[in-house]
Amino acid sequence: MSPSHVAPPVHDFLDRTRYPVDEWALVENHIDNDDLGTTETLFSVGNGYLGLRGNVEEGRDSFAHGTFLNGFHETWPIQHAEEAFGFARVGQTIVNAPDAKVIRLYVDDEPLLLPIADLMEYERRLDFRAGVMSRNIIWRTPGGKRVRVRSRRMVSFTQRHLAVLTFEVTMLDDYAPVAISSQILNRQDGEDEYHVRAKSMGEGTDPRKAGQMRHRVLNPQSNWGNVADGRVALGYQCAESGMTIAVAADHRLETANNYTKRIQTDDDLAKMTYRIDAEPGQPIVLTKLVSYHTSRGVPSRELLDRCRRTLDRAHDEGVDKQFDDQRAWLDAFWERSDVEIAGQPAVQQATRWNLFQIAQASARAEGTGIPAKGVTGSGYGGHYFWDTEVYVLPFLTYTTPRAARNALRFRYTLLDAARMRAKQLAQHGALFPWRTINGEEASAYYAAGTAQYHIDADISYALSQYLAATGDQDFLTREGIDILVETARMWVDLGFWRSEEDGTFHIHGVTGPDEYTTVVNDNLFTNVMARFNLSRAALAVRELAARDGIKYEQVVRRLDLKLSEVDDWERAARDMAIPYDEHLGVHPQDQHFLEREVWDLENTPLDKRPLLLNYHPLVIYRFQVLKQADVVLALFLQGEHFTPEEKRADFEYYDPITTGDSTLSAVVQSIMAAEVGYHDLALRYFVSALFVDLADRHNNTSDGVHVASTGGVWSALVSGFGGFRDHGGVFTLDPRLPESWDSLTFRLTLLGTRVRVSVLPDRIDLEVEDGKSATLVVRGQEVTVVPGDPVSIALDGQGPRLEGQPEPVPGRRRADGTIIAAIVPGS
C-alpha cells in the first residue's frame, strides 16, 4: 500500500458487483449496513436549496438522518477559552430540518427494516438524466409472503420548494393487512416519533463537522392536518437566529383495495396512516408532495401559506408533469455541461456523478451561497468558503452563467458585513469572512480561518472570470465593481511599502490556502492573487470612466472613490513582493518557509493521517508540509505570470511535500502535473479525486459531498487535460489528453456562444452548438468558429512528457549551505 500522500495507481475504486457501471446512473445492487453514511450521501437528491439525504424511506436504520435547507441556520455565541478583540463571536450551524422522507411499511404488523429484512431483490438507482432516486425491492416477510416495494424520490429543479415521493406496495402471492405510515418528523433533538434517541445523531469530534446545539433549536409555532385532503403541516422558529421554517405534505393513495386513513399531528410529528386490506396483485400507490419554505423572520404561518400555494400548483399540474419537467431541465443541463470520455465507461459514470452533484448543490441556491457540502450533509456546519469561487464557479461560469451570477450576487449582499469585519480588524475596505452563513465570520480559529485574507482576491478572481466569459457589464457597473473596489482598498491598506527595498509592497500576517502553514509574511498565493485583485479593480474603474461617464460618477459617489486610490492600487500591484529563491530555483510559499525542515511523509504511519487530527497545530506549523496546494494553485490561477520552467520547478518542489489531507488538492495537482508534463501522475491524481466521495477516500463522505472537489473534477478535465485557460479574457487551449483515452469532449459557453471542444490524440475539433461565434487561441493560433462550420486544428503531440513523479525534497541544499532534512515529529 502506497503512502497516502502519493497519488494511487489508476484503477477502478468501486466494487462493481455492488455498483455496476452505468454511464448515466449510480446503481447499488445490494445494501451494506457498514457504510450507510457513505451511501446516504451518494444517493442524496437536492436542488441547491432543498436537500434530502439518501436515508431509507423507513426512516429508522440510518447513519445520519438529513433534510437541509440552504442558509437555514441557528446561531450561538462562540465561547473562546481566552478572549481577544476581533475574535469571531457568532457561530452559525445549518439546521437539520423536519424530515418528510419517512414512509414506514408494515405487513402483517411486521415492519420493513432493511438491515434484517429478507430481500430477494434489491436495487437503488440515482438517475443523472431523470434526477430521481429510486429503489426496487422484493421482501419476503417473516411469514413468508413476498412483497414488491418500489419508491421514487425527487427534489425539483424547476420548483425550488418542492419534493416528490412515491411509494408503491404490491403483495405478490398472498393477502395481508398492510399499514403505511407517512410522516413529517422533527428530529431536531435527536429523537424519533416515540421520543427514542437516534444513535445516528452526532458522530465523533472531527473539527470539520457541524457543531451540536445544547438547546432546543426549533420552537414549534403551528401544526395541523386535514384527513379529507391528506394534507399535514408543521411550522417552527429557530430559538436564536429567529429564522422560520414551514413544511407541508399532500398525500394521495391510489389502490383497488379497501382502506381506511387517519391523521395525527403534534409539535414534532405530522403523520398520515393508511390501513389497507391488500389483495395479491393489487398495487397500493402513495404519492407524497412536500413543500419547504424558510425565511429570516417571516412568521411560519405565512410560510405555511406559501407551502399551500406550492402544493396546490403541483397538484393541479399533476405528478407526471413534475417528473417530465425534471427530465427536461436536466436534458438542458447536460446539453451545455456534459463532459464525454470515450472508451472509459467507469470514468464517464464517475464524472457525471460529480457534475450532477454540482447541479444539486447550486442550481436553485438563489439568494444564498453554495455550502461546502451542498445540501447533502451537515459537514462544515453548512458554511460557505472560498472554495466556491475557486473550484465551483468556473464550472458554472462556463456552463450555466446565470447560476454563477447568483453566487456572485450573494457575495455582494454580504459586502456591508465584510466592510464591518474589515473595521474590526483595523482595515479599510471590505474583508469577507473565511467561513459563514449569514455574513459574519464563524471561524473560531483565526490562524487557519480569518487570516486567510486571500478570500477577497478569490472572490474578485471569480468575478473577473465571470465578466470575461459573459460580458455582463450591467452586473459589473451596478454591483460587481463595488466588490473590486472594496477588496482593493483592503489590500492596499493591509500591505506596506519598504523604501529600503526600492519600494517593494509586502503583505504580512496572513495564511494562504495551505492550512498547515499559518500567519506568515508574503505568502506567495496571497501576494499573487492580491496583485491580480488590485490590477483588476483599477482596470474596472478606468474602463468604466472611459466607457460611461454618468455611471462612473455614480460609482464615485456611491463608494466615495478617489483617483488617487486607483493610482495606489496600480502601484501596489506593480511593486508586489513575489518571493523567489535563486539558489533552490523555486518560489517559497512564504518568506520563511524554506528555513523549516521537511515533514517525512514517507515514514509517517498511516494511522497518523490526516495530520490535523493527530498532531497539534504548532507541531505541524514548524515543518515544510502542505495540507493542500498553495504555490501550485497560484501557478494555475495566475499561470501567465510564471514561465514554464518556473512552473515545473515549483511543482516538483511542492508536490512531494503535499499531504493531500484536503480534498481540494488532488484536482489542482492533476492540472499542473498535466501542464508541466507529468501525464501519468496527472491521471493518477485525477482518478483519485474523481472517486473522493464515491469510494469514500477520505473516510468522511458520510458528512456530505465534497462539492468543491466535484467542481475541481470539471476543472481537471477541462483545464488539465483539455488545457483551457482564460487569462485576461483571452481563451486558450493547450491540451494534454491522457494516452489511455481515445478522446475528451466538453462544452464552453463564451460570451453567449456554446462551443463543443473535442480533444483527440492528433487534433482538436471546435464546433458551435448554440450562439453566433467564438474566438479561441489553440497553441498560439487564433481560431474563430461559427455555426455550421466546424474547425479542426492539428496537434503535434500532447505537450511535454515526463516519466515518474518529482523527487522528494530532503537532501537539497539551501543557499546558506544547510541541508534540508526530513523528520517525523515525536519518532
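**Sheet pairing, cysteines and salt bridges**

Ile341 stands opposite Leu744 in strand β27. The model is predicted: local features require pLDDT of at least 70 and side-chain atom pairs count only at pLDDT 80 or more, while totals for chains, interfaces and linings use all residues. Residues are numbered from 1 along each chain as its sequence is written, and side-chain values use heavy atoms, with hydrogens and water left out.

Helices (H or I, at least four residues) and strands (E, at least two) are DSSP runs, numbered from the N terminus. Two strands count as paired if DSSP finds at least two bridges between them. Strand β20 is joined to β27 (residues 744-750) by 2 bridges, and the two run antiparallel. They belong to an open sheet of 5 strands, in the order β20-β27-β28-β29-β32, with antiparallel pairing. Its edge strands are β20 (340-341) and β32 (791-794), each of which pairs on one side only.

Buried means under 20% relative accessible area, exposed over 50%, and partly exposed in between (1.4 Å probe, protein chains only). Cys238 is buried at 2% relative accessibility. Cys307 is buried at 0%.

Salt bridges number 62, each defined as a side-chain nitrogen of Lys or Arg within 4 Å of a carboxyl oxygen of Asp or Glu. Side chains of opposite charge can pair when their charged atoms come close.

One of the salt bridges joins Arg135 to Glu57, with the closest N and O atoms 3.3 Å apart. This pair links distant parts of the chain, 78 residues apart: Arg135 lies in strand β10 (residues 132-140), and Glu57 in the loop between β3 (50-52) and β4 (67-69). Arg135 is buried, at 2% relative accessible area. Glu57 is also buried, at 4%.

In helix α7 (residues 415-424), Asp416 and Arg419 are 3 residues apart, so about one helical turn separates them. Their closest N and O atoms are 2.6 Å apart in a salt bridge. Asp416 is exposed, at 54% relative accessibility.

A further salt bridge connects Glu767 and Arg756, with the closest N and O atoms 2.5 Å apart. Glu767 is in strand β29 (residues 763-770) and Arg756 in strand β28 (residues 753-759), 11 residues apart. Glu767 is partly exposed at 28%, and Arg756 is partly exposed at 24%. Through shared partners, salt bridges join Glu335, Glu340, Arg747, Arg754, Arg756, Glu767 and Glu769 into one network.
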